[in-house]
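Hi everyone, thanks for coming along. Today I'd like to walk you through one protein structure, a few side chains at a time. Have a look at it first, and then we'll start.

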Amino acid sequence: MLPRVGISLGDVSGIGPEVTALALARPAVRRALVPVVFGDGPTLECFPLFRRFPRVALEDLGRTTGPAVVEVTRLAQKHRVPGKPSREGGRAQYAFVRAAIDAMRAGTVDALCTAPVSKEEISRAGIPFMGHTEVLADAFGVDVLMMMDGPRVRIALATNHVPISALPKLLTVEKLVAQLQLLSRSLEPVVGRKPRIAVLGLNPHAGEGGMLGREEVEVIGPAIRRARSKRVDAYGPIPADGLFARPDEVGAKYDVVLAMYHDQGLIPAKALDFERTVNVTLGLPVPRTSPDHGTAYAIAGTGTASCVPMMEALLKAARLSRGPGAGAAPGPRRPPPAR
């Protein structure tokens with residue numbers, strides 16, 4: 001039986017709807033999964049493919065087996081114009097994600113693939129939102145890791161959408177050890193052994209022994225040693241510029257890289273293979289993937305957006321839902337945040 005992959009449509013004013021439709025029309029995708037699209041009814045009706053999908057209520061998904069559309073919103077035309085985002089569109093794209101999470105909890109989808117959203121537009125709509133990864137971690141009460149899974153290198157992030165100024169306080173020995181354990185546990189079924197993990201430094205030249213910053217000496221190095229004592233095959237701290245200077249050697253020597261912050265990891269991931277690198281959330285009970293690009297308002301509705309990143313994300317979600325180990329072992333549960 002093919003896995004059922006939930007798809008949140010993303011910002012209806014971005015390229016999410018069109019690349020989703022194009023990707024789902026590809027034979028390779030149709031052979032790999034059964035799509036369940038959470039989105040806006042009038043937007044989906046613009047695409048012949050989605051007009052063929054039956055409309056199913058969220059609570060009735062468990063009684064169906066084929067492709068389906070869950071109509072979460074019905075936006076007015078002025079709120080779904082390509083290239084012109086709106087506050088109503090911001091609310092809608094967040095509602096698509098929440099509906100998909102409800103389906104994940106109910107067990108009516110086997111994986112989730114999220115089309116691009118706009119953090120700015122969701123926030124302008126009055127909804128605190130730092131990203132899919134943070135919302136999913138909060139929804140399931142687990143610690144997670146964002147990992148860019150590309151054909152040449154995998155790169156996970158110790159921190160996600162936070163300002164550079166906050167990094168020294170956010171990086172702790174305990175946090176890094178837990179992340180290295182999660183990374184090792186998640187990838188062991190995928191690579192068939194303990195994965196070799198390259199851990200980057202935070203400062204230039206990995207701190208030069210403390211001359212350019214103390215984080216490597218006081219936090220990152222001790223975390224690596226403690227993780228190794230727990231049978232995690234971790235190495236470092238390694239200077240990022242030196243490691244990525246020979247990208248083909250990175251994949252040959254290490255199974256994954258743990259970067260300390262967003263741009264340190266995403267710049268090489270996107271530079272090496274933008275179209276085929278997939279954002280994977282590790283630690284969730286259900287696999288989640290996303291294409292490694294944004295809403296692309298400038299080209300929305302022009303018919304020029306490539307569907308390859310969305311296709312790769314959908315295929316990855318389908319593969320992870322079947323194992324081995326789903327590639328995303330659940331992380332340790334943490335107490336729900338105070339409301």
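Before anything else, one term: a residue counts as buried under 20% relative accessible area, as exposed over 50%, and as partly exposed in between. Please also keep in mind that this is a predicted model.

R91 has a relative accessible area of 35%, so R91 is partly exposed. E88 comes out at 32%, so E88 is partly exposed too. These two side chains form a salt bridge, and the closest N and O atoms are 2.5 Å apart. How far apart are E88 and R91 in helix α5? They are three residues apart in that helix, which covers residues 87–106, and this means about one helical turn between them.

As a general point, side chains of opposite charge can pair when their charged atoms come close. There are 18 salt bridges in the structure, so let me pick out some others.

Helix α6, residues 119–124, holds both R124 and E121, again three residues apart and about one turn of the helix. Their side chains meet in a salt bridge at 2.8 Å, N to O. Is E121 buried or exposed? With a relative accessibility of 5%, E121 counts as buried, whereas R124, at 37%, counts as partly exposed.

D149 forms a salt bridge with K316, and their closest N and O atoms are 3.0 Å apart.

On to the aromatic rings. In general, a pair of rings is described by the distance of the centres and the angle of the planes. The structure has four aromatic pairs. One of them is F47 with F50, an edge-to-face pair at 5.9 Å centre to centre, with 75° between the planes. F47 is partly exposed, with a relative accessible area of 21%, while F50 has 0% and is buried. F50 also pairs with F53: the centres are 5.8 Å apart and the planes stand at 80°, so this pair is edge-to-face. F53 is buried, like F50. Put together, F47, F50 and F53 form one aromatic cluster.

The charged end of R228 sits over the ring of Y235, 4.9 Å from its centre. R105 lies over the face of F140, at 5.8 Å from the ring centre.

Last stop, a strand. Which residues of strand β4 are buried on each side? In β4, residues 111–114, A111 and C113 are buried on one side and L112 and T114 on the other, so both faces are covered. Strand β1, residues 4–8, pairs with β4 in the parallel sense over four bridges, and V5 stands opposite A111. Strand β11, residues 288–291, pairs with β4 in the parallel sense over two bridges. There, R288 is the bridge partner of L112.

Methods: Residues numbered from 1 in each chain as written. Predicted model: local features only at pLDDT ≥ 70, side-chain atom pairs only at ≥ 80, totals over all residues. Heavy atoms only, no water. Buried < 20%, exposed > 50% of the residue type's maximum accessible area, 1.4 Å probe, protein only. Pairing = 2+ DSSP bridges. Salt bridge = Lys/Arg side-chain N within 4 Å of Asp/Glu carboxyl O. Phe/Tyr/Trp six-rings, centres within 6.5 Å; stacked < 30°, edge-to-face > 60°. Lys NZ or Arg CZ within 6 Å of the ring centre and 35° of its normal.
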